[in-house]
Every structure is written in C-alpha cells, then in structure tokens.
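Here is a short report on selected strands and helices. Have the sequence and the 3D view open while reading.

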Amino acid sequence: MTSTSVNPGAAGESPAAPGGAGLALSIRNLDKSFSGTRALNHVSLQVRRGTVHALLGGNGSGKSTTIKILAGVYGADGGELEIFGTPFDLHGYTPATAQQAGLRFVHQDLGLFDDLSIEENFALDNGYPRKGPGIDWKHLRTHVKALLDEYELDLDPRTPIRNLRPSDQTMVAIARALQDQDASQELLLVLDEPTARLAAQESEVLLERVRRRAELGQTVIIVSHRLREVLAVSDDYTIYRDGRVAGELVAASPTEDELIEIMAGRAVQALRPTGEPSHAERSPVFSVTGLRGGPVRGIDFTVHRGEILGLAGLVGSGRSSVLKMIFGEHRPDAGTMTLEGAEYRPEAIGDAMRAGVALVPEDRGGEAAFPDQSVTENLAVAVYGENFTRGVMPRGRERTAAETLIADFGVKVAGPEALFSSMSGGNQQKVVLARWMQRNPKLLLLDEPTQGVDVMSRADIYAIIRRAAAEGCAVIVASSDLGEIHALCDRTLILSRGRISDEVAAGDLDVDGLTSLVLREKNVPDAPTEAQQ
Amino acid sequence: MTQTSTPPASATVSIPVKRTPTPLRLLENFALPLLAILVYVFFAFFPMSSASFPTMNNLAVILGSQAVVALIAIAALFPLICGYFDFSLGAVAVMTQVMTAGLMSVLGLPLWLSIVISLVLGTLVGVLNGFFVTKLNMSPFVTTLGMSMLLAGLMSWFTGGQTFVTGIDPALVKFGSTRLLGIPLVFFITLIVAAIAWYFFTHTPYGRSLYAIGSNATAAKLVGLPVSKNVWWSFIIAGFIAGVAGVLQLARVGSATAADGGSLLFPALAAVFLGATAIRPGFFNVIGTIIGAIFVAVSVSGLALSGASGWASNVFNGIALLAAVGLSTYLGRKHRAGK
C-alpha cells in the first residue's frame with residue numbers, strides 16, 4: 001500500500017527543509033518490528049516549531065509505537081531523528097536522552113499524586129528547594145505560583161490535586177512537565193490522549209489553553225482519538241495506517257470525514273447518522289414517571305421498541321444517575337418505572353438483569369473489566385447462573401460461546417483464552433458489549449459507550465448498537481460526546497440539573513445545535529417554581 | 001486510551017486460535033510438582049537422611065502432619081481468592097481442637113456433640129469475621145489478626161494453661177492414627193475436602209464469582225454478582241473448614257493446648273502462595289495449594305531427618321513464604337500485563 005500524501009492546495013505550505021530551523025522534530029524512515037511483524041515501516045513525522053501537530057491513526061496504526069520510541073521506551077530498528085535541529089542516534093536512545101533533548105510527555109494517566117498539593121507534585125518532579133536542613137516552602141510556593149499564573153491557572157499551590165477539576169489537573173501536569181523550560185532550552189510537549197478521561201466540556205477548556213500555549217510559541221504533539229477536538233486545536237496532521245504514513249497535512253483544515261477517510265482508507269459510514277427511518281416502533285418498552293434520586297429531580301420519559309434514545313447534558317446533569325437507577329444500582333427516592341407493561345422496581349442489579357435490563361458502565365477499567373481474566377471469563381461472568389446446569393459449569397460451551405461472540409462482534413484478539421488486558425480499548429469495549437448482548441436484553445443502557453475508543457472501533461460499536469435496535473432492543477445512550485448522540489440517536493433528551501429541558505428528534509438539529517442546547521442551560525438560573533415542584 | 005501496539009498481524013484474527021501449550025509454559029505450570037519430586041529424591045539419597053527419609057512410615061508421617069496444614073490452606077483460599085486475608089484460621093483450628101477436647105474431658109459431653117459444638121463455634125467466628133469485613137468495612141487484615149488474638153486469649157482462659165490429655169474419646173484418637181493403604185485416613189479427608197473445593201471454584205457460579213470479585217469487585221457488582229454476600233460466605237466457609245482441621249489435629253495428636261495457631265497458619269499460607277505459582281500461575285488454586293503443602297512438608301521433614309535443628313523448619317517456612325509471595329506476585333503481574 002503506498003502512502004497517499006494529501007495536501008490541500010489552497011492551504012498548502014510546504015514543510016520546512018529537513019533539519020532546518022523551522023522543525024522542532026523530524027523523524028524519517030523509522031522502522032520497528034515486533035517478533036517479525038512490522039509495526040512501523042519507514043514512517044516519518046515532521047513537526048514545525050510553534051505548532052500543534054496531531055498524530056492520528058486507528059489501533060495498530062503505529063502511532064503509539066512511534067511515541068514510545070520517542071520516549072525511549074522502545075528501541076527503534078532504524079531511522080533518523082532530529083530534535084530542534086540536533087541529530088540523535090536511535091541506537092542507545094534512552095528516556096534520559098529524550099529528556100535532555102527537550103521532549104516532555106504527558107500521558108493519559110497524568111502521573112500526579114492525587115492526595116498531595118500542587119506544589120509538592122512540582123517538587124517531587126524537580127526536587128525540593130532547600131534552606132539549611134529543611135525545605136524552603138516559601139521559595140517553592142512563589143515558584144509554583146508564578147508557574148501557575150503563567151499557565152493561567154488561578155489556583156492556590158497548596159490545593160490537593162484531588163480537589164481540582166479534571167481539565168485543571170491535566171493543565172497542572174502540563175505545567176509540571178514544562179517547568180524547566182527557559183530561554184536556554186526549548187521543549188517539545190507530547191500529549192498522549194490528553195482528553196480521553198475528560199468530559200466534552202472539560203476537554204474544550206483544556207484544549208483552549210493548549211491552543212494559547214501554542215500561540216505563545218510552544219510546540220505540541222497531540223495524540224487523540226477524538227477527532228473533533230483535534231480539529232479544533234491542530235495546525236498540522238500526520239496520519240498513520242498499518243505502520244505507514246497515510247497522509248501528511250500541513251497548515252490544513254480538513255473535515256472530520258476527510259481525516260477518517262485517510263485513517264481508515266475508506267469512507268466510514270457508520271459514524272454518520274444513517275439517514276434511514278429508524279427501527280423505532282410505537283410500542284413502549286420502558287417508561288419512567290417522576291423519577292428522582294441523587295442529582296435527578298423528577299423526570300418522565302418513554303423508550304420504544306427498536307428506539308435509540310439519547311441522554312445529553314453537562315457533567316452533574318444526572319445522565320449517569322438515571323441509568324444507574326434503572327439498573328438497580330441506586331435506589332430512586334421517588335417515581336415509578338414500567339417495563340413491558342408491568343411495574344418494574346429493581347431491588348438489586350440481579351433483579352434488573354433478570355428483567356432484561358443491561359448496563360455498559362462509563363468507566364471500563366474500573367467498572368467493567370476483569371483485566372487479569374480471559375476473554376471467555378469476561379463474557380461468561382454475566383451468565384454464570386444461566387450456564388450452571390446439572391451441577392457443573394460447562395467450560396466447553398462457555399468457550400464456544402466466546403468464540404462465536406468474538407466473531408459476531410468483530411473483536412480482534414488472539415483467542416478466547418487471551419487476557420482481557422491484552423486487547424486495545426476498542427476491543428475491550430466490544431467484549432463488554434458482547435457480554436451484555438448475549439443476554440438478549442430488552443433494554444440496553446449505555447454510558448459513554450465509546451470513551452477511549454479509536455475511530456474504527458467506534459464505527460463498529462455504532463453498528464453493534466444499531467443492530468441491537470434493529471432486533472427490537474430499546475437502547476438508552478448517555479454521552480457527553482454530542483457528535484455521538486447526533487450520529488446514533490433517534491431522539492435525544494437534554495438533561496439540565498436533573499430535569500429534562502429539551503427533547504430533540506433526529507435530524508432536527510445538527511451537532512452545534514445540540515451543543516448550544518446543552519450549554520445554554522448552564523447559564524439559565526434555576527427557576528424557583530420548577531425547583532419546588 | 002493508550003493502545004497496546006500489538007503487531008498488526010493479529011488484525012485478521014477472528015477465527016478462534018487455540019493457544020498451544022509451549023514447553024516453557026508447561027514447565028512454568030508444573031515447576032512446583034517437579035521441584036517437590038526433586039527435593040524428595042534428593043533427601044532419599046542424601047547420606048544423612050537416606051536411612052529414615054524414604055520410608056513408607058516417614059511418608060505417612062509427612063502426609064498426616066500436612067493434612068491439617070493443607071486443610072487450613074484450603075480454608076484460606078476462599079477469602080484469598082476474593083482478595084481478603086484471614087489470619088484467624090490458625091487460631092480457629094486451635095480453638096476447635098481445644099474445645100472438642102475440653103467439652104469431652106471437662107464437661108463429659110459425647111464425642112459427636114463436642115465436635116458439632118466446636119464446628120458451630122468455628123463457623124460462627126467466620127460469620128463474625130465476614131460481618132466485620134463486609135458490613136462494617138473493617139480492614140480484613142487487622143480484623144482477623146485481632147480475632148486470632150482474642151481466640152488465643154479465650155482458649156488460654158478456657159484451658160487455664162493446662163493441656164487436655166485425659167477424657168478424650170479414644171475412638172477419635174484411633175481414627176487419627178488409622179491408615180488406609182499405608183497412608184493416614186486424615187489425609188484422605190483433606191483430599192476429599194480439596195476435591196469439593198476444586199469443584200466449588202471451577203464448577204459453581206459461586207466459586208467462579210469469587211475469582212471475578214478478586215479481579216474487580218466493582219465490575220463484579222455491576223454484572224449482578226452479590227459481592228458482599230459472597231465474600232461473607234467465603235469467611236464462613238473458611239471458618240468451618242479451619243474448624244474441621246482443628247478436630248483432625250486433635251485426632252492426630254490426641255491432646256490439646258491453647259496456642260495462637262501460628263505454627264499451623266504460616267505453613268498453610270506458604271502452601272497457598274506456592275500453589276499460586278503452579279497449575280494456573282498467578283492465581284490461587286486448589287491443586288497447586290495441595291502440591292505446595294506437600295512440597296513444604298517434604299522439605300521440612302528432609303531437613304529435620306538430616307539433623308537440622310528445630311529452628312530450620314521455621315526458617316524454611318519463612319523463606320518458602322517469601323519466595324512464594326514474590327513468585328506469585330511476579331507471575332500475576334506478568335499475566336496481567338498480558339504476556
């Protein structure tokens with residue numbers, strides 16, 4: 001497969017000469033094999049000084065391998081590397097070399113100590129300033145305060161990291177990574193999936209700040225699955241596919257679809273709204289009236305057979321709480337629920353499952369994964385009771401069932417006995433979906449179904465969800481990604497402070513319209529009459 | 001989400017691939033039984049122990065003494081698989097040993113009733129441990145350690161520092177010294193309990209759920225498993241099995257003295273953690289645990305018969321426990337890393 005170099009003419013600007021002053025980083029002809037398999041095949045990456053450069057690609061495209069080689073975690077098989085004009089030998093290139101060369105990495109897991117204060121997090125990275133036998137706290141505090149001000153963070157250095165909002169935590173990690181940047185040394189910041197853990201609104205705040213750093217001359221490489229966000233912040237794009245460069249866009253403004261097409265090598269339809277009549281029928285499957293509990297302050301809605309219903313809203317609007325109450329994880333304070341015409345009141349999760357309700361939780365790692373167990377085990381765990389017949393667990397049947405599910409749901413994994421943790425995020429999510437779909441639920445609840453999932457897997461997951469709806473399942477999707485809501489849902493409820501503020505049918509509004517509906521509510525003061533109802 | 005850069009060759013794999021056991025993997029799974037056999041052969045030919053070690057009689061002694069430790073090890077497996085330590089099991093065993101003897105010798109109760117009362121008490125300790133840990137969210141480590149101290153103290157009070165030797169039903173002692181095919185009957189009891197435990201862990205929803213809970217308790221709850229109920233039951237079962245171990249110990253020894261049970265508990269923990277390095281490396285499992293117990297017993301007996309002093313067996317148990325925890329942690333991490 002030859003790499004296509006996409007270069008939109010009008011916006012095009014040829015990259016600076018290799019090794020010239022304009023390049024912060026230049027990688028050429030980088031090769032890497034893992035036990036005989038080519039992970040990288042002559043890939044390149046040219047990052048101009050003072051730009052935000054997006055490195056994109058699906059799972060297995062080689063972008064993570066490249067970042068790990070840059071960080072000195074993996075050794076390269078061959079290739080040339082220049083950082084700020086200085087050539088580096090890739091043999092004997094270690095994390096220490098990367099540090100000296102001026103590369104700074106902020107990973108998805110920020111590496112901050114949650115219980116310690118901001119200033120201590122800075123000091124643990126860079127050493128405590130000393131005064132006699134003790135620590136010069138005053139000096140540390142002024143130093144950190146100055147840095148925070150520089151990064152437009154209005155925070156007290158003594159605040160524990162835990163108390164910061166998520167985007168501020170990431171920003172503190174960035175400031176910490178760049179704290180020794182001065183006139184004598186320029187640094188290159190590599191952000192690896194910086195927004196994967198953040199809700200949409202938080203990532204906007206973060207990316208806006210990153211954008212401002214770039215305007216001040218900071219060079220940034222950003223790796224992310226969230227294309228809309230990348231588009232909002234990046235100047236240049238390098239796209240990998242199957243270990244090769246599939247496209248290089250300099251000073252371009254591509255559309256999301258164009259990027260996806262380069263990443264996938266084809267147009268991916270599943271990520272768009274289908275535009276077809278939905279599968280929704282007029283027979284209601286599930287309804288709630290007057291549901292209250294936690295942040296939810298009284299809502300009514302009905303989901304029908306074959307319908308995909310979206311729940312949108314800001315963090316704290318009660319999106320997840322609604323799902324948790326339906327699933328029996330939290331008991332509602334008030335309200336009635338009806339499932340298939342009968343009153344539905346789950347006392348525990350087991351009741352909800354028996355009634356035909358399934359929930360794919362938001363936090364895959366914390367709430368859905370059994371990382372050290374096999375894929376078979378991860379699938380069978382939801383049907384132990386059903387599988388237990390005549391006093392034995394049918395291991396053979398579990399395995400066969402797992403093989404079938406792996407094939408049905410397009411999971412890329414070495415085999416049913418492979419460990420859950422050995423798969424990529426997208427494939428893990430498919431296994432979690434398969435776990436629930438094998439129970440043939442009547443009502444499928446999905447909380448952030450594609451968080452931390454690459455674009456190609458996201459398309460597969462959308463297809464799985466649509467298939468479930470086509471087979472008659474009622475689906476409720478809660479998501480902070482309004483592009484997702486827009487693409488998937490037949491009907492969307494906008495939640496605001498625990499109430500339904502709007503209802504939107506598919507096709508009535510575009511993503512921006514949905515966004516403004518969600519955000520607009522933020523500034524509307526709570527109507528007293530409503531609160532007292 | 002950071003992707004693990006799996007070589008793209010796996011991109012076409014949706015056809016189930018059966019993982020063929022490589023020789024290395026087999027070696028990893030069966031290293032411990034192999035090592036046990038090697039140690040046995042070594043002491044059988046080692047000049048200082050070759051006279052008394054490789055005899056049927058010594059094998060019977062090894063298996064007999066290890067039956068009780070292995071039983072406590074199996075008891076400890078239940079809470080350990082779901083991620084909880086129970087340090088009170090040695091003390092529970094000592095308690096049922098002392099209570100069974102004491103009820104017969106002091107109160108003159110019949111054998112069966114003494115056993116029943118003792119087992120009920122052992123189970124009750126499990127109920128309490130489970131209640132503290134699951135309902136009051138107390139640290140299992142400290143809770144069970146405290147329980148162990150409490151029981152040891154109560155037994156000292158109960159015995160008044162005496163050893164119960166008289167008044168114990170001779171039928172029990174006779175049972176303890178009976179051999180079948182040259183092997184003590186008590187060892188067969190342990191094997192039966194082990195077989196039931198194996199069935200539980202691999203072939204019942206309950207047993208399988210314990211592994212799921214140990215892997216990720218929150219996720220286990222969200223797939224509808226009754227997490228705190230099952231954890232509670234694991235403590236109750238552990239208490240009951242440890243109680244049985246205490247009665248068997250009385251049958252073997254024929255007397256009972258108050259103690260903290262550490263001499264039973266720590267070899268048992270060594271067996272459990274050694275067991276996690278074999279058969280299903282990185283996971284606690286019944287078969288590995290039995291092999292671990294035999295390995296520890298063979299080594300200690302060999303050392304003793306080679307003329308090593310009494311402290312040698314403690315040193316060995318300590319080293320075995322450290323090595324086993326280190327190895328099983330390493331293997332567990334390796335497996336979690338997906339290699």
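## Strand β10 of chain A and its neighbours

Strand β9 (residues 188-192) of chain A runs parallel to β10(A), and five bridges join the two. Within that pairing, L191(A) has I222(A) of β10(A) as its bridge partner. The model is a predicted one.

β10(A) also pairs with strand β3 (residues 52-56) of chain A. This pairing is parallel too, and spans four bridges. Here A54(A) stands opposite I222(A).

## Burial of β10 in chain A

How many residues of β10(A) are buried? The strand covers residues 219-223, and five of its five residues are buried. Both faces are covered. T219(A), I221(A) and V223(A) lie on one side. V220(A) and I222(A) lie on the other.

## Helix α1 of chain A

Helix α1 (residues 63-71) of chain A is mostly covered, with seven of its nine residues buried. The buried residues are K63(A), S64(A), T65(A), T66(A), I67(A), I69(A) and L70(A). Just after the helix comes G72(A), with a positive phi of about 85 degrees.

## Helices α3 and α5 of chain B

In chain B, helix α3 (residues 89-105) meets helix α5 (residues 140-159). Their axes come within 9 Å and cross at roughly 20 degrees. That angle is under 35 degrees, so α3(B) counts as roughly parallel to α5(B). The crossing is left-handed.

Which residues meet across this contact? From α3(B) come G90(B), A91(B), V92(B), V94(B), M95(B), V98(B) and G102(B). From α5(B) come S148(B), L151(B), A152(B), M155(B), F158(B) and T159(B). By type, the contact residues are nine nonpolar, four polar and no charged.

An α-helix has 3.6 residues a turn, so residues three or four places apart point the same way. Several contact residues in α3(B) can be read with that spacing in mind, among them A91(B), V94(B), M95(B) and V98(B).

## Helices α4 and α10 of chain B

Helix α4 (residues 111-135) and helix α10 (residues 227-253) of chain B pack with their axes 7 Å apart. The angle between them is about 150 degrees. This is over 145 degrees, so α4(B) is roughly antiparallel to α10(B). Their crossing is right-handed. The residues of this contact divide into 15 nonpolar, eleven polar and no charged.

Technical notes. Residues numbered from 1 in each chain as written. Chains lettered and ligands numbered in written order. Predicted model: local features only at pLDDT ≥ 70, side-chain atom pairs only at ≥ 80, totals over all residues. Axes fitted to C-alpha atoms, helices over the stretch in contact; angles between N-to-C directions. Parallel < 35°, antiparallel > 145°, perpendicular 65-115°, else oblique. Left-handed = near helix turned anticlockwise from the far one by under 90°. Contact = placed C-beta atoms within 7 Å. Nonpolar A, V, L, I, M, F, W, Y, C, P; charged D, E, K, R; others polar. Buried ≥ 20, exposed ≤ 12 C-beta atoms within 10 Å, placed from the backbone. Pairing = 2+ DSSP bridges.
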